[in-house]
Amino acid sequence: MLEAEIKQQLEQYLQLLENDIVLKVSVSDDNVSKEMLSLVNEIADMSSKITVEQVELYRTPSFSVNRVGEDTGVTFAGIPLGHEFTSLVLALLQVSGRAPKVDQSAIDQIKSIEGEFHFESYVSLSCHNCPDVVQALNVMSVLNPGITHTMIDGAAFKHEVESRDVMAVPTVYLNGEFLTSGRASLEELLAKITDAPDASHFEDKDPFDVLVVGGGPAGSSAAIYAARKGIRTGIVAERFGGQIMDTLSIENFISQKYTEGPKLAASLEEHVKEYNIDVMNLQRAKRLEKKDLVELELENGAVLKSKSVIISTGARWRNVGVPGEAEFKNKGVAYCPHCDGPLFEGRDVAVIGGGNSGIEAAIDLAGIVKHVTVLEFMPELKADEVLQERLYSLPNVTVVKNAQTKEIIGDDKVNGITYIDRDTEEEHHVELAGVFVQIGLVPNTEWLDGVIERNRFGEILVDRHGATNVPGVFAAGDCTDSAYKQIIISMGSGATAALGAFDHLIRN
Ligand SMILES: Cc1cc2nc3c(=O)[nH]c(=O)nc-3n(C[C@H](O)[C@H](O)[C@H](O)COP(=O)(O)OP(=O)(O)OC[C@H]3O[C@@H](n4cnc5c(N)ncnc54)[C@H](O)[C@@H]3O)c2cc1C
């Protein structure tokens, strides 16, 4: 069943197997079972180190990847191809004994976890956010005998997805209870099951020369530029990587014809770690105050001090702000069409927003769902002409302009949306299962209220050195009033802010 190219890649990877492994497969006579059996047999035929055993597992069809004589708890309920192909390859290699490519501190932390942790992750094979979660949980299962993980393809286990009301992927259950939904790194997942470092963990830190707030393209670039000056540099980031963690293909990062967001985020992290930079990931800043030094208070109460600070807190999806949006988030209200689109296969959905991202989402979804209603507030769509042409060529899309979304309606999950026709002021109701909100971004700067000057959109005002109105405080990237918000522009402004901060340090 494997295509020639994939088979060739897999053959090469399988030469790296260190020890024998056993694939235990549980199948019946449905089509997915047949495909799964053919996949595991094909894999076993490629390496003398792999054997297949037919057994009965908790889910059928599924297969687990095990050491000889020892179950690891790594199970795939579904065919791990598409975006999960890498998860399959890594599982085979890691179970065979190849060390996972994660920090030694994370390995030690996983090994030291005590107790029973049975993870189940619901994914779709077209979800680019899912493999990180699957791979992180697999690493945890491989390293700790108390931890198991089953990846479940929602398309193959629709009854489970429905009975557990899973409407966003990846969704992770732990010991039968909902744990988290959406992309999460190994570090983030570990933080959910272990004690987070409290304020005392940060107490003994000496003041920094440059403290960067935000770990996206702008923050990473700023930290690298600062550290290369040989000065004491730290980064506080709520989630290292930033928006690119939610981006599939990137084709305008100059020098790379094509890359993917998570891959770029991983190289940013690797580059940052090349330098002596104190990376404080999974920490949110909540207050900034200029005293002798600039003081940054974290959500956990710790106060970090620095001679200069670079704010690069980027932006997040803008909420439509109507009743039902927050209530039904991940219960029919979604923001990532690539990830969650497949969960609405054959059903009706709406996209709120007629800009480029909204229309791209509508085109994408039209190939999967039964019908898409696009709701645009303005009298015209704002998307590029070429996207509009493509949209209007699709038979299962309705575009409603001048439409003000009033409410997203549901019981335990979304079942409709109401909007006001701004021309006639009439209210309309559309029955549907999902609403994708695509109305742009909002800067993450509320926490700077009354301290740093911002424009009416909340963007930080900076001069050409990246300096804000507060001496010693600089800003870069999407959280600033830069005319365009792009990766390469954020990286450039991160560099500018770091050089500006260095200049400030040597003059003061
Ligand atoms: C779906 C999508 C597709 C895109 N595609 C492209 C593309 O193809 N090409 C392109 O050039 N650009 C693209 N962009 C835009 C690009 O991703 C952004 O311009 C870029 O990521 C901005 O970088 P940044 O570092 O300024 O901010 P972000 O990437 O938003 O990073 C902000 C960082 O700050 C952290 N943070 C936020 N608040 C706090 C706080 N209070 N305390 C601590 N940390 C905090 C975040 O966790 C994160 O680490 C896309 C954006 C999206 C959403």
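The crossing of helix 1 and helix 2 is right-handed. In this predicted model, the two helices, spanning residues 4-14 and 31-46, pack with their axes 9 Å apart and at an angle of about 50°.

Turning to the aromatic side chains, the count comes to four aromatic pairs. One of them brings together tyrosine 122 and tyrosine 173 in an edge-to-face arrangement, with 80° between the planes and 5.9 Å from centre to centre. This pair ties together distant parts of the chain: tyrosine 122 belongs to strand 5 (residues 117-123), tyrosine 173 belongs to strand 7 (residues 171-174), and the two are 51 residues apart. Tyrosine 122 counts as buried because its relative accessibility is 1%, under the 20% cut-off. Tyrosine 173 is buried as well, its relative accessible area being 8%.

Phenylalanine 344 and phenylalanine 436 make another edge-to-face pair, at 5.5 Å centre to centre and with 75° between the planes. Here too the pair links distant parts of the chain, 92 residues apart: phenylalanine 344 comes from the loop between helix 10 (337-340) and strand 19 (348-352), while phenylalanine 436 comes from strand 25 (residues 434-437). Both phenylalanine 344 and phenylalanine 436 are buried.

Ring pairs join Tyr122, Tyr173 and Phe178 into a cluster. The ring of tyrosine 173 also has the charged end of arginine 164 sitting over it, 4.0 Å from the ring centre.

Although aspartate 165 is not a glycine, its phi is positive, at about 55°. Aspartate 165 counts as buried because its relative accessibility is 16%, which is under 20%.

Threonine 60 and proline 61 are joined by a cis peptide bond with omega of about 0°, and proline 61 lies in the loop between strand 2 (50-54) and strand 3 (62-67). Asparagine 330, also a residue other than glycine, has a positive phi near 65°. Its place is the loop between strand 17 (315-317) and strand 18 (333-334). At 28% relative accessibility, asparagine 330 counts as partly exposed, since the value lies between the 20% and 50% limits.

Finally, there is a strand hairpin to look at. Strand 22 (residues 403-410) and strand 23 (residues 414-421) pair in the antiparallel sense, with seven bridges. Three residues separate strand 22 from strand 23 in this hairpin. Isoleucine 409 has glycine 416, in strand 23, as its bridge partner.

Terms used:
Residues are numbered from 1 along each chain as its sequence is written. This is a predicted model: local features need pLDDT of at least 70, side-chain atom pairs count only at pLDDT 80 or more; totals for chains, interfaces and linings use all residues. Side-chain values use heavy atoms; hydrogens and water are left out. Rings of Phe, Tyr and Trp (its six-membered ring) pair if their centres lie within 6.5 Å; planes under 30 degrees apart count as stacked, over 60 as edge-to-face and the rest as tilted. Helices (H or I, at least four residues) and strands (E, at least two) are DSSP runs, numbered from the N terminus. Buried means under 20% relative accessible area, exposed over 50%, partly exposed in between (1.4 Å probe, protein chains only). A charge sits over a ring if NZ of Lys or CZ of Arg is within 6 Å of the ring centre and within 35 degrees of the ring normal. Two strands pair if DSSP finds at least two bridges between them. Axes are lines fitted to C-alpha atoms, for helices over the stretch in contact, and angles run from 0 to 180 degrees between N-to-C directions. A crossing is left-handed if the near helix is turned anticlockwise from the far one by less than a right angle, and right-handed if clockwise.
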